[in-house]
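Keep the viewer open as you read.

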2 protein chains.
Amino acid sequence: MLPNAPTPEKLDPRVKRTRSLIRQAFSELLAEKGFGALSVQDIAERAEINRATFYAHYPDKFALLKETLRQAFRAELEKRTLSACHYSEDNLRALIVTVCEFIARSNEHCKASEQQFDSLIENQVRRQIQELIELWLSQRGAAQPQTAATAAAWAIYGLAEGWVRQKNRPPVEAFAEQVLPLVAGNLK
Amino acid sequence: MLPNAPTPEKLDPRVKRTRSLIRQAFSELLAEKGFGALSVQDIAERAEINRATFYAHYPDKFALLKETLRQAFRAELEKRTLSACHYSEDNLRALIVTVCEFIARSNEHCKASEQQFDSLIENQVRRQIQELIELWLSQRGAAQPQTAATAAAWAIYGLAEGWVRQKNRPPVEAFAEQVLPLVAGNLK
DNA sequence: CGGCAATTGTCGGATAAACAACATAGGAGA
DNA sequence: TCTCCTATGTTGTTTATCCGACAATTGCCG
């Protein structure tokens, strides 16, 4: 498992409700207007909560986007059981595929590509790739897991973004297979 | 319009949420277990609210059922724009049809026919029929609207229930047409 | 019959959410 | 430029909900 915030299973039902309403409203508005055009007011109105309540849970809309992205990406990883695994070439290949599809889907899902949005998703996703690879490496007792993980994470994200930008993309699996050695070499 | 509780349009969003959750949980449980087998505990758990909160809104599950039935029947009336109309034979016929279908649908919708449930639905529905007919009669300036309305309401409900009990029911419209004179005679 | 488990209403105290108000900042248009 | 309008964070107060507990009731099983 990824290092998890020790979520207390028994949470006040009021905060569960509020968070759920906020997330729901946020994802709706994200699809409708895009991230830049959407205000905290909008979220509060749509979720039918008080605006002050929003600030009791998130410092601003950027923090909400961060959390949303983290959770979505983590869910994607866990769906493919990547977070519990040790390092292997197969897992690395699967990770690359996951990142490619996640970025592609985020770009469809959100309205238009926006500066704020793009840099934020980059940071969050790259950070998580790095955490995962660090975990893999430290499980093997590798020396200097941080530097190797940093390089690999940046490389993977950059490659994935490049793939997404292409006009006529090759199939994800083929692309992943192609770039695999570029990343795997430094992790051996 | 029927005499309406002057619902303040701006209601605390918390109570809107809570009531909505309670109603939702209640109707689910009603369909699953029936009214008799369902406890306040069940409702609170399903709705994910505290049991004490339920009692802040309803004295017991019977009150909740009453409100639910009133609202459902009123909605049915308003859908057919019966509540805003004056008296006429057409409206009376439509009222009879409405009652028949409402009782029939309630019996399907709820699990098994139960004593508590049946007497409660009878009371609530009959009371509303009576209110509506009283309104019709008083709008025409009729003398003694209460006694005539009482008789008509009981008659309509009894006839409708009889129709529902039949093994091979005739079409509702035919039945309504048939019994119409039994009721209309006293309202002229 | 007697316990035993579950449900019921109700209470007091703790806490999240609502609400109204405020100062601030930024954008649109005269 | 100035004005108007809207969004932003933040605060203090009030209110609805949560939570744990309690005695009383009910129904069921041995």
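Between chain B and chain A there are 2 salt bridges. In one of them, A:Glu48 pairs with B:Lys16, and the closest N and O atoms are 3.0 Å apart. Keep in mind as you look at such distances that this is a predicted model. If you widen the search to polar contacts, 4 residue pairs across the interface of chain B and chain A qualify, counting pairs in which both residues have pLDDT 80 or more. On the side of chain B that touches chain A, the residues split into 3 nonpolar and 3 charged, with no polar ones.

How much area do the two chains bury between them? The figure is about 490 Å², and 42% of it lies on carbon and sulfur atoms. B:Lys16, B:Arg17 and B:Glu48 provide 72% of the area that chain B buries against chain A, more than any other three residues. In terms of contacts, 6 residues of chain B meet 6 residues of chain A.

Next, turn to the DNA. DNA strand C is surrounded by 21 residues, and the closest are A:Arg14, A:Thr18, A:Thr53, A:His57 and B:Arg17. Of the atoms of DNA strand C that come within 4 Å of the protein, 65% belong to sugar and phosphate.

An N or O atom in the side chain of B:Arg17 is 2.2 Å from one, and a polar side-chain atom of A:Thr53 lies 2.5 Å from one. B:Val40 uses its backbone instead, with an N or O atom 3.2 Å from a phosphate oxygen. The elements giving two or more residues to this surface are α1 (13-33) and α3 (51-57) of chain A, along with α1 (13-33), α2 (40-47) and α3 (51-57) of chain B. Which element gives the most? It is α3(A), with 4 residues. By type, the residues of the surface near DNA strand C comprise 7 nonpolar, 6 polar and 8 charged.

How values were computed
Residues are numbered from 1 along each chain as its sequence is written. Chains are lettered from A and ligands numbered from 1 in the order in which they are written. This is a predicted model: local features need pLDDT of at least 70, side-chain atom pairs count only at pLDDT 80 or more; totals for chains, interfaces and linings use all residues. Side-chain values use heavy atoms; hydrogens and water are left out. A residue is near a molecule or strand if one of its heavy atoms lies within 4 Å of it. A polar contact is a pair of N or O atoms within 3.5 Å; within protein, one must be able to donate a hydrogen and the other to accept it, and residues adjacent in sequence count only if both atoms are side-chain atoms. Ala, Val, Leu, Ile, Met, Phe, Trp, Tyr, Cys and Pro count as nonpolar, Asp, Glu, Lys and Arg as charged, and the others, Gly among them, as polar. Contact means heavy atoms within 4.5 Å. Buried area is the accessible area (1.4 Å probe) that two parts lose on being put together, summed over both. A salt bridge is a side-chain nitrogen of Lys or Arg within 4 Å of a carboxyl oxygen of Asp or Glu.
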